Amino acid sequence: MENLKYIDNKLFILDQTLLPNEEKWVEITSKEQAYDAIKTLMVRGAPAIGIFAGYAMAQFSADTDIYELKEYLDSSRPTAVNLSWATARMVKAFEENKSLIEEAIAIHNEDIEMCRKISEYGLSLLKDGDGILTHCNAGELATSRYGTGLGPLILGKEKGYDFKVFSDETRPLLQGARLTSYELEKAGIDVTLICDNMASLVMKKGMIDAVLVGCDRVAANGDTANKIGTSGVAVLAKYYGIPFYVLGPYSTVDFSCKSGDDIIIEERDKKEIKEKYFEKPTALPETKCFNPAFDVTDNSLITAIITDKGIAYPPFSKSLKEILK
């Protein structure tokens, strides 16, 4: 399932804000449009944002100072470390007189291989017939192919595994409902959509054998920035003794960020809670809202962090470095 195309020197993205009801491809023709595409979640997911940023840097650096372009794009989603990682790589390619479009294509191809490795490592921890809980969306729409959090499920389907997946709807943007259930249905994987607050019930009933989630940033101590609500799922998994696995590319590990306390969590438009995806507002205009984009999952709640370099187990401050050896 593709989310981005680069054809005849033109950049297109699948507008994920319209899924699952409409599949619309949008051409990105300016840096402002690229910024808005990231900001408004037309393109989303840490790896996909990095891939898109690479192409955007190649596409629009001819008209804008590349250093200013990097700073501009980075400001669209400050939590997503893959964004700044990709733009920094494009700046380095520029400084080394490399072809920027070839560098962007390389980032894209490397992500495909990275996702497959994450999927293989993740699948090694699962059994045929397992019940899996997911939160948010970390599949092919959020990456290049397979995905991170959903990667083991999609790869497992190819290999004949039969999983029973429960997908949290993931308020307020409903990525689990709109995107994860959409992807898994398309892949022919058994998926059941549940409200976020039903996660405890399916765990209590013994229907969940493992939790798989993606991440946008990993601190040096193993704290992870995940879609809002993920840390609550982690607490439940800890209580019920269910493995809680975080899956993401090694490039999301930020050793300059010592702990989750150092992760910047942006607050999104409050209207998303009361108005987005509703025909009418669900609360009064004067009702205050708090709408952070992410929360931080404490490393003590995480069973393992699965990357393309290997599987890291506690203590993460040590193992995240050791898997590179």
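The secondary structure of the predicted model consists of eleven helices and 14 strands. The C-alpha trace extends over about 60 × 55 × 40 Å along the principal axes. Of the 325 residues, 56% are buried, and the accessible surface of the protein amounts to about 14200 Å², with carbon and sulfur atoms accounting for 50% of that area. When contacts between residues at least 6 apart in sequence are considered, 73% of them connect residues that are at least 24 apart. With regard to charge, the protein carries 38 positive and 49 negative side chains, and the centres of these two sets are separated by 3 Å.

The largest nonpolar core contains 32 residues, among which Ile 13, Ile 28 and Phe 52 touch the most other members. Two or more residues are contributed to this core by each of strand S2 (10-14), strand S3 (25-28), helix H1 (31-39), helix H2 (46-60), helix H3 (66-74), helix H4 (81-95) and helix H5 (100-123). The greatest contribution is that of H2, which supplies ten residues. For Phe 52, once its neighbours within four places in sequence are set aside, the contacts are with Leu 4, Leu 11, Ile 13, Ile 28, Ala 34, Ala 37, Ile 38 and Val 43.

Two single residues may be considered in turn. His 108 is located in helix H5, and because its relative accessibility is 17%, His 108 counts as buried, the limit for that class being under 20%. Apart from neighbours within four places in sequence, His 108 is in contact with Leu 4, Ile 51, Tyr 55 and Ser 144. Leu 4 is also one of the residues in contact with Phe 52. Val 235, by contrast, lies in helix H9, which covers residues 230-240, and its relative accessibility of 47% is the reason why Val 235 counts as partly exposed, a class that falls between the limits of 20% and 50%. Between Val 235 and Lys 157 there are 78 residues of separation in sequence, and their C-alpha atoms are 29 Å apart in space.

Definitions and conventions: Residues numbered from 1 in each chain as written. Predicted model: local features only at pLDDT ≥ 70, side-chain atom pairs only at ≥ 80, totals over all residues. Heavy atoms only, no water. Helix = DSSP H or I, 4+ residues; strand = E, 2+ residues; numbered from the N terminus. Buried < 20%, exposed > 50% of the residue type's maximum accessible area, 1.4 Å probe, protein only. Contact = heavy atoms within 4.5 Å. Areas by Shrake-Rupley, 256 points an atom, 1.4 Å probe, with all protein chains shown as cover. Lys, Arg positive; Asp, Glu negative; His and termini not counted. Charge placed at Lys NZ, Arg CZ, Asp CG, Glu CD. Core = buried A, V, L, I, M, F, W, Y, C linked by side-chain atoms within 4.5 Å.
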